[in-house]
Every structure is written in structure tokens, then in C-alpha cells.
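Please keep the sequence and the structure in view while reading.

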Amino acid sequence: MKHALISSLLLVTASILPFSSMAATPSAADAEVYFVEPQDGQTVPETFKVVFGLKGMDVSPAGNNQPNSGHHHLLIDVDSLADFALPLPANDNVRHFGGGQTETMLTLPKGKHTLQLLLGDYLHIPHDKPVMSEKITITVK
Ligand SMILES: [Cu+2]
């Protein structure tokens, strides 16, 4: 009985919420995320510095719902993301910088790797439209 009441309340709540409230955080039209370093095609040592650049929006920590802002995610050897409407996974290939960091030291095994930056909103969800860098290729020697 209690269960039925809760689920009907949830149904009502879901149906009265406007669809737009489920939509992703808008990005700024001129927003751009890019690598300050390394450069595309660069050869780097096993541990190297990665510096994130952002124009047109502000960096703010995860959990901080501030308009026109987000935090960096570094995608390592990621070909494609499953779903831009969901919070980004956190794993070795998808690194979150929820503290609002704009650089990191990265250690990767020798060989070729791709790097790409993707801004996420306060809930780690890519913006609409996504603010994503070029995918760069580096060689770790
Ligand atoms: Cu995140």
C-alpha cells in the first residue's frame, strides 16, 4: 500500500515536471575547449603535463550549478561516448576534474594515445551542445 502511494506520487511528479527541466545545461554559443599543451602530434615522456584551455565559459567545481560554467573531463583513448545525456562515467579513460582544475600530470604507457577534452556541467553531464575539443594524438616515449 505504502509502495503504491510512493510510486503514484513519483508518477505525478514526473508528469508535472516540464520536459525542459530534464534537458542538459546550455553551453555558450562561442564556447571552446582546447589543449594548451601538449600539442597534436607531440612526443612526450611517460609522465607529462596536460593544460586545459577554455574560452567563452567559466570553470567551476562539480556540484556548483553556476550558469555558463562547467568542469573539465579528459578522455584518454576514447573513440566515442555512449550517451551525452547522462553523467560521464569515471574511469581510467574518462578523468574528471571536479575540483575545477585546469591542468594535470598524466602518466600513460609508451605508444600512441588520443586525448580529448569535454566540458561537463555541475552534474558531470555534457552541455547542450557539447563543448568538446579536437581529439589530439600524442606519442609517449
Ligand atoms: Cu565530472
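Strand β4 (residues 58-59) and β5 run parallel and are joined by two bridges; two strands count as paired if DSSP finds at least two bridges between them. This is a predicted model, in which local features need pLDDT of at least 70 and side-chain atom pairs count only at pLDDT 80 or more, while totals for chains, interfaces and linings use all residues. Residues are numbered from 1 along each chain as its sequence is written, and side-chain values use heavy atoms, with hydrogens and water left out.

Strands (E, at least two residues) are DSSP runs, numbered from the N terminus. One bridge from each pairing is given below.

| Residue | Bridge partner | Strand of the partner |
|---|---|---|
| D58 | S69 | β5 |
| I76 | L115 | β8 |
| L74 | R95 | β6 |

Strand β5 (residues 69-76) is mostly covered, since eight of its eight residues are buried, where buried means under 20% relative accessible area, exposed over 50% and partly exposed in between (1.4 Å probe, protein chains only).

H127 lies in the loop between β8 (111-120) and β9 (136-140), and is buried, with a relative accessible area of 3%. A polar atom of the H127 side chain lies 2.9 Å from the backbone oxygen of S69. Leaving aside neighbours within four places in sequence, the residues in contact with H127 (heavy atoms within 4.5 Å) include S69, G70, L119 and G120.

Key:
Helix = DSSP H or I, 4+ residues; strand = E, 2+ residues; numbered from the N terminus. Polar contact = N/O pair within 3.5 Å; in protein donor to acceptor, adjacent residues only side chain to side chain.
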